[in-house]
Amino acid sequence: KMAGTLLPRQFLNSALKLVKNIAALRALPTVTEEYIYVEAHTTSGDGGHGAFRAVTGAAPGTYTDDNGITIVPTGGDGSTAWIRDFTGAVNAHWFGAKGDGVADDTAAIQAAINYLQTTGGVVYLPEGTYIISASLSLYSGITLKGDGPRYRYLYKQSAATHVGGTEIKVPANVTAIIMGDPTTDHAKVEGIAFVGANLVSSAYGTAPTPTAGAVAIDCANSVDFWADNVAFYGLQTGITNTTSTTLNADRPQLSNWVASDCGAVVSYNKGTADVIIRNCPLSLHNDKHIVIRDSDGVRIENCRLFQAFTNSIDIGLATPGTGSVGFVNITGCTLFETNGHSIVIDGGKYVNIAGTTISRAGGYVSAGSYAYSMGLVVSNTQTFAFEGVIERCGSSAAKFASCSEVSLNGSILDCFYTHGDVAGVGIVQVITSTAVNINASIHNLATDLYNVVSDVASALEVTGTVSGNRGSKNCPLLKHANAYHFVIYGTG
């Protein structure tokens with residue numbers, strides 16, 4: 001064992017020489033089957049140490065110096081080289097990455113990725129802060145893996161506070177990771193935090209201030225891309241895809257993630273299909289948590305989305321009225337405090353929200369009354385179902401406009417919170433919609449609020465049973481558990 005590295009067995013039976021760094025190794029002529037131990041890539045302790053074996057007798061041009069694994073002697077013609085002896089992951093420090101939060105590691109990390117471009121494999125980023133100045137291209141079958149994401153808690157703490165792990169610092173107007181192949185297949189990012197270079201701490205009820213144009217991952221031109229055990233802090237966008245009129249991000253997956261102080265953590269544009277977003281213990285104090293446009297297939301599962309300065313989940317169409325967002329499933333989620341609405345769906349088709357709690361839409365304000373925000377705003381949607389809890393919204397719990405085949409089942413508590421009476425307004429609003437079924441227990445704070453209000457066009461389309469302490473308007477077929485209590489006006 002030498003300098004923390006176990007040497008291969010064959011080294012024990014050879015005359016082992018030591019050199020200080022890669023430059024010193026490059027200056028040596030190769031001797032057949034000679035072994036050299038390099039103590040560092042550039043300077044002592046930089047993680048670039050390792051054992052090299054000489055290879056000789058190949059045709060000129062066979063070997064190309066990559067400054068990490070294959071080292072061609074100075075003045076050589078590529079017929080001989082020093083080859084690093086290793087198994088397993090490729091360490092970016094072998095190529096000169098520092099991870100010290102000071103040096104620009106772009107070229108070194110990219111060189112490590114390039115080594116695996118044709119074979120696939122794992123590029124390892126040990127614990128540290130890696131500075132980049134340009135995008136890193138990731139290729140098919142390659143995993144970029146850290147020691148777990150460096151944890152930061154910007155909310156009411158110094159931006160300099162962090163705990164362990166690996167992070168990549170992303171400057172303004174740079175996307176950290178892009179796909180390098182025309183169709184990058186099964187690439188992965190794991191165990192890494194992405195941090196905006198202009199990171200600042202945040203305060204309750206104030207808008208986040210992300211690093212302008214800083215993006216962690218653009219998964220356009222990919223199939224089965226996966227980001228797992230990752231974190232996003234202070235970025236304009238966490239993960240996205242460049243907008244395309246054709247499919248360019250098929251089955252992208254984000255799992256086991258946390259985020260704070262971003263513009264939008266997830267922002268998928270036209271060109272995605274079968275999106276999976278799951279297992280978020282906390283996404284906190286972002287402008288929006290999840291924005292999706294024109295995707296065919298969306299699954300959002302087991303996510304805790306807290307304190308969005310505008311809407312929390314916003315799913316819709318890039319061009320309103322054109323196309324649809326199909327097969328949307330949101331399950332087991334908690335959405336807590338927004339300044340805008342909690343969930344917005346426009347142009348949906350086959351949408352199911354189940355086991356989900358929506359709390360305090362409009363309540364993310366620094367002081368004073370709640371914003372007039374809703375838990376659910378659903379428009380131009382066919383076949384929609386909700387099962388869960390909606391409580392203490394600043395406005396109505398739910399609004400359905402130009403929808404069909406709607407099912408709302410759950411408990412609704414104390415909407416128009418902090419505002420009191422708003423005469424003639426419903427906790428649930430139904431506008432120009434058909435086949436709407438509502439089965440809910442509703443508790444009102446104010447005497448002039450209705451449980452459900454429909455416009456005249458939808459009056460005979462609303463059915464179901466409501467138990468609550470108020471009546472409904474323009475819903476003659478809607479039953480109330482304690483009475484058939486309804487009012488119909490001549491105009492909606």
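Residues count as buried under 20% relative accessible area, exposed over 50% and partly exposed in between, for a 1.4 Å probe and protein chains only. The model is predicted: local features need pLDDT of at least 70, side-chain atom pairs count only at pLDDT 80 or more, and totals for chains, interfaces and linings use all residues. Numbering runs from 1 along each chain as its sequence is written, and side-chain values use heavy atoms, with hydrogens and water left out.

Most residues other than glycine have a negative phi. His186 has a positive phi, near 55°. His186 sits in the loop between strand S14 (184-185) and strand S15 (188-190). Helices (H or I, at least four residues) and strands (E, at least two) are DSSP runs, numbered from the N terminus. With 49% relative accessibility, His186 is partly exposed. Glu337 also has a positive phi, of about 65°, and is not a glycine. Glu337 belongs to strand S29. Its relative accessible area is 4%, so Glu337 is buried.

Nonpolar packing comes next. A nonpolar core is a set of buried Ala, Val, Leu, Ile, Met, Phe, Trp, Tyr and Cys residues joined through side-chain atoms within 4.5 Å. The largest such core holds 99 residues. Phe194, Ile277 and Leu376 have the most contacts inside it. Contact means heavy atoms within 4.5 Å. Leaving aside neighbours within four places in sequence, Phe194 touches residues including Ile168, Val170, Val189, Ile217, Phe232 and Leu235. Another core, of nine residues, lies apart from the largest one; Val19, Leu25, Phe52 and Trp82 are among its members.

Helix H2 spans residues 106-115. Its buried residues are Thr106, Ala108, Ile109, Gln110, Ala112 and Ile113. These residues pack against several strands, among them S7 (100-104), S8 (121-125) and S11 (142-146).

Aromatic residues were then searched. Rings of Phe, Tyr and Trp (its six-membered ring) pair if their centres lie within 6.5 Å; planes under 30 degrees apart are stacked, over 60 edge-to-face, and the rest tilted. The whole structure contains eight aromatic pairs. In one of them, the ring centres of Phe306 and Phe336 are 5.1 Å apart and the planes lie at 45°, so the pair is tilted. Phe306 lies in strand S26 (residues 296-308) and Phe336 in strand S29 (residues 334-338), so the pair ties together parts 30 residues apart in sequence. Phe306 is buried, at 17% relative accessibility. The pair of Tyr370 and Tyr417 is tilted too, because the centres are 5.3 Å apart and the planes at 55°. Tyr370 lies in the loop between strands S31 (348-361) and S32 (376-379), and Tyr417 in the loop between strands S35 (404-413) and S36 (426-431), 47 residues apart. Tyr370 is buried, with a relative accessible area of 11%, whereas Tyr417 is partly exposed, at 26%. Elsewhere, Phe86, Trp94 and Tyr115 form one aromatic cluster.

Tyr417 also meets a charge. A charge sits over a ring if NZ of Lys or CZ of Arg is within 6 Å of the ring centre and within 35 degrees of the ring normal. The charged end of Arg392 sits over the ring of Tyr417, 5.8 Å from its centre. Lys188 lies over the face of Trp226, at 3.9 Å from the ring centre.
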